[in-house]
Amino acid sequence: MTQMKHLSIVDGAFLHMESAEMPMHVGSLNLFEPPAGYSGSGYYETLKAHVAKRMHMAPVFTRKLALMPFDLANPVWIHDDDIDLDYHVRYMVLPKPGTLEQLEALAARLHSMLLDRSRPLWEFYVIEGLADGRIGFYGKVHHAAVDGQAGVAMAQSIFDLTPEPRAVKPPREARANTYQLGVAELLAAALQNQFQQVVQSLKLLPTLATTLLGAAREGLEKRRSESPEERAARKADAAGTMFKLAPATPFNHSITNQRAFSAVSLPLGEVKAIGKSVGASINDVVLWLCSTALRSYLRDSRELPEKSLVAGVPISLRQEGDTTANNQVAGTLIDLGTDEADPAERLKAIKRGTSAMKKQMGTFRGVIPTDFPSLGSPWLISGLASLYGRSRIADWLRIGNVAISNVPGSKVDVYLAGARMTDYYPLSIVGHGVALNITVQSHVDKICFGLIACRRAVPDVRELGHQLQRAMATLRALVAAPALAAAEAKAAAPVVAKAAKEGATAGKRSRTGRSPRLRVVPKAHAAAPAAAKRKTRATAAAR
């Protein structure tokens, strides 16, 4: 055993909220091209040896939980020097024919199983048998140990940038400690940690008060000095209020322990280009794609509410370069604009929401605490989570309808024990009241969507995946319609100019007494109504 490390209040919450119906781990399903010399078997042993050499590079691989006596406070992380790799790295084969649908179903089943808390909280699965010859790899780690950004850092410890694994310096030989953590030692450490958290919270109060007061003053000054036109524009661009209940949908119920999963990939370059052309960020376009898919999915089953769906969106508080394996996140709510039938208006609604969110986070990011005193939190959080799930509170206390997260991934090819990754599909958490989670991660030239849901609430999650692909086609049409009109106008400009010149000449001749010549209507003029009709049809198709 080595020196203990306390879990923060956020890390501990993921432990205390966990139940058989609501596992609190995150994972990913990756697809790999086989390494050179692969003959259909043997990759499992190669990977296991590869992981064994890299475990010391990320603390999550070698630490486990030590619970506080009577669950008075959050547990602590302690080093585990007896790791059974045969347990943590496993091997599976898909039955024939080895389809992607079978792989998705297997990933959903593996994702529904709780991690063993007596061991380090991670598991890897090598999955062979795919019909296209690729190798599947499913991994999961408890959310108490990592958030999305820390998970990327963890992945970097086992992935390489070339087919040939990089040389890794072996770990120092650990000295065996003979003592066990006793009750008195754990209690003393817990009390010391609580005192430190109280001090840190008190130190943060003046900064928080100053920030709130400054934001209030700035807002009042802007409103006093704005003109009636500026006031009207501000109200028109204002995002929806966060203090409201989300509308009722099939996603807002208590969940079971069964999962359904769908994986979808879209071209990242095209998403970026379209976003740039309409003045939207990648995150805006991702939210629009999800919104459009959800709108079509619910409309087809006649379950689309009149009010806009609300997405719970996590916000990273992690500073650039910080790779600490813990959670540094906050959350916000964004209206998805699903009440807007016009795709362009839906995008405007989303951009208003993300703009307001960015402004709020720019003001308060530095003063949002990521830890609090946790004395008694295991009892309180687990009790509230159990009450929320086992009662019917989740059916009517709807804070959000769906969780949507966007995590940047690798911009270059990565390799695992010689195999090149082709796809990276994230699997996240669904909870009582939010039975659908859409997590997005980019990988090289793809943007990969992982849709994980309670199978009882969303049994046809693959249909929602198909709707995402249709939403991409709608996005192309939305951008193509104005582009087509602009191109036709540009092509017609020289002809129109020539016609105008001829008209001016004819008018001049008529004024001199000469009979004007019969003018032929330019081809561009005849094409203009047709172009307008095509534009109208394109807009209707987009809707």
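1. Basis. The model is predicted: local features need pLDDT of at least 70, side-chain atom pairs count only at pLDDT 80 or more, and totals for chains, interfaces and linings use all residues. Residues are numbered from 1 along each chain as its sequence is written, and side-chain values use heavy atoms, with hydrogens and water left out.

2. Three strands make up an open sheet with antiparallel pairing, in the order 1-4-3. Its edge strands, strand 1 (5–6) and strand 3, each pair on one side only. Strands (E, at least two residues) and helices (H or I, at least four residues) are DSSP runs numbered from the N terminus; two strands pair if DSSP finds at least two bridges between them.

3. Strands 1 and 4. Strand 1 and strand 4 (residues 76–79) run antiparallel and are joined by two bridges. Lys5 has Trp77 of strand 4 as its bridge partner.

4. Pro59. This residue sits in the loop between helix 2 (43–54) and strand 3 (63–66). Pro59 is partly exposed, at a relative accessible area of 47% (buried is under 20%, exposed over 50%, partly exposed in between; 1.4 Å probe, protein chains only).

5. Helix 9. Residues 282–300 form this helix of 19 residues, which spans 27 Å from first to last C-alpha, close to the expected 27 Å (1.5 Å times one less than its number of residues). Helix 9 is largely enclosed by the rest of the structure because 15 of its 19 residues are buried. Arg302, with a positive phi near 60°, follows helix 9.
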